[in-house]
Amino acid sequence: MVGASPPPSPLPFLYENETYEYCIVLPPKVNSAGIWENETSPLVIFNYSLPLLEMQAGITMSPMMNLQAFRSIFFNKELSIEVIDTVSMFGFALFLFLTGVKMDMKLALRTTKRSVGIGVVSLLSSILVGAAINETFKQPNETEQVKTERLIGTMVEALTSFSVIACLLAELKILNTELGRLALTSAAVGDLSTMFLVHVMSLSRNFTASPLLVIKRVVIMFCFITLIIFVFRPLMYWVIKRTPDGGPVAEVYIMATMMVALGCAVFTHWVDRSPLIGAFLFGLAVPDGPPLGSALIDKFECFINAFFLSIYVTASTLRANFGNMDSLAFGLVMSSKGIVQLSHYSTFRDNQVLSETVFTAMVIAILVNATIIPILVRFLYDPDSRKYAAYEQRNIMHLKPDAELRILACVHTSDNVPAMINLLDLTCPTRESPNVVYVLHLIQLMARNSPVFIAHHNHDSSTATTKSFEKIIPFYQYEGNNWGLVTVNAFTVITPRKLMHEDICMMALDKQTSFIILPFHRKWSIDGSLEEENNVVRNLNCTVLDQAPCSVGILIDRGRRQKPMEPSSPSSCSIGMLFLGGKDDREALMLAKRMARDTQVKLTVTRLIAYQDCSNIVDWDTVLDTEMLKDVKQNNGVLDNGNDITYVEEVLDCGSQTIKLVRSIANDYDLMIVGRHYGVESVLLEGLSEWSEFPELGIVGDLFASMDLNSR
């Protein structure tokens, strides 16, 4: 018997399907926190889609890789440099479209004579100096190519780009300074002057060759601009009207706006003009700010700046063959160069007007300019070094008895208004000592390059319909209810969050206010629970506390009073004031005593005394505290003018007793006033600072703002 060998076993998975498991995170991760997100494994950033896309785009642009390798790695199909240039050009057109959206054309139209003069002179002087240098170094046998290149270099270097200057000022955090505002308005004038001058020179140069062609181009551009102003812009306002107040713009309208922007770029390219012009002009027509302008910026700016703009800059630079202090700072800012100038040089290089050598030199000049100027401006101009030095002592305590009390009241939303007016009502203005209230409505800058400052002139019809003015109206009603005793001046500031403190402190300085009132960053609901917490507002409050030129109060509204007090209302208001000692407590007591002049107000001053401090240990702060409390002690019960003030002393020996006291009196008063800092370290506060959640309120103020305190 012959044994047969067993048949061979089949190859595994030869005709079967394998199963792989993938874990996909939804929604997908787009932006990373940077290479420091995971120091042991920095490559984790490529788990995010945008860094991975930028890396792949960088591979496509890398001069160390040949085009064939790029085709096989990235797209795996035929792709030419012309396609990259086309993509980068239209990407830059979208960048200029968003630049137009953020640009405030009204800024150039409402500028002062000083800004107009600087804008025009900065352009003309640069051109004249450049022309003089060209004539000085002119050679007898120069070619037309060299003459043209020198002319282009002179013109482009004379440009003052609004977007470049706005980005530089924002980076240096001097957008809201006097120098920054002057530079922005001058740059806006310079941009308009440049646009007009370039078009006049271009048309005059072509008119000698073909007058009919020039007339045709002028007519086409006129019709194009008319279409943008009288068709597209009204349509965008129609979209804004259809958008609910505070709601998002419908996606179909956002995408339609972007498609029209691309269509404008294609149209101007079709009529032998740069595609950048069409996109930029359409961007200027888009109503800036929310809801449409801010929606476009929020949705597309990150991707366009991070992806398309990086491709454009890389594609442009790869073609290069690389082998008085304030006045000086202002001049450097106005001479800053960036992406706009690079786009001009790239366009001339594409049209074979500039040689490779000249283009390389111009790109290097832009890189050097963009690197050195921010360093020099930061060195030459320090706005914080000269601010508020002479005004640190402006406060309520040092006011004369018959002086007016100037208050700066800051509001972010309509929720801040009722409590703010309640507090202003309690400051008891009189004919001898009236109140001058400056209301500052703070709005975050969105979809704009330049900050906006609006002065509301009482009941001016031109501003009465704006959403900002609606939040101001209650303050004018407060003025009307206290006619002759209160003067209200209202303003709106649209500015970046990180620079809001500049506007607050500068207004306090300019208006010589003695008291700034800031709303607390927490919002309580009607039932007393925490409804909202805004850490951006908290950071703003902390910065103002550090830099303000006068006294600052943070108003914590726990929702007890929902309606402002009427002057004729018979209801009384109970105010409590805890006094531990120190300059901040003395300032708080002065405010409380001013409020106590109102016959409807009942003030209780509770002085906390440490048990071991009962001995006769006297220092200068103690002397000042005793003097400040003298009239309160002597007139305990009823003061000379008939107002009700009660003085109480509480002797405590530890921090836990302080907490118990705060909890016991929290519901006894409509308003509590406490100082922030104290003269000396007291046993009454021992151990409490370690548990303080909001140090900017002081230890006692933090206790009243605590969630553990069941009080409204």
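Predicted model: local features only at pLDDT ≥ 70, side-chain atom pairs only at ≥ 80, totals over all residues.
**View 1. Strand 13 and its parallel partner, strand 9.** Strand 13 covers residues 671–674. Strand 9 (residues 573–579) runs parallel to strand 13 and is joined to it by 4 bridges. Within this pairing, Gly576 stands opposite Met672 of strand 13.

**View 2. Cys428, a residue with positive phi.** Cys428 lies in the loop between helix 16 (417–426) and strand 2 (435–444). The phi of Cys428 is near 55°, and the residue is not a glycine. Most residues other than glycine have a negative phi. Cys428 has a relative accessible area of 10% and therefore counts as buried, the cut-off being under 20%.

**View 3. Gln512, with a positive phi in a loop.** The loop that holds Gln512 lies between helix 19 (500–510) and strand 5 (515–519). Gln512 has a phi of about 55°, although it is not a glycine. The relative accessibility of Gln512 is 38%, so this residue counts as partly exposed.

**View 4. A nonpolar patch on the surface.** The patch is formed by Ile225, Leu227, Ile229, Phe230, Val231 and Leu235. Together these residues have about 530 Å² of accessible area. One of them, Val231, is placed in helix 9 (residues 211–242). Val231 counts as partly exposed because its relative accessibility is 36%.

Terms used:
Residues numbered from 1 in each chain as written. Heavy atoms only, no water. Buried < 20%, exposed > 50% of the residue type's maximum accessible area, 1.4 Å probe, protein only. Helix = DSSP H or I, 4+ residues; strand = E, 2+ residues; numbered from the N terminus. Pairing = 2+ DSSP bridges. Patch = residues over 30% accessible without salt bridge, like charges linked within 9 Å, V, L, I, M, F, W, Y side chains within 5 Å. Areas by Shrake-Rupley, 256 points an atom, 1.4 Å probe, with all protein chains shown as cover. Salt bridge = Lys/Arg side-chain N within 4 Å of Asp/Glu carboxyl O.
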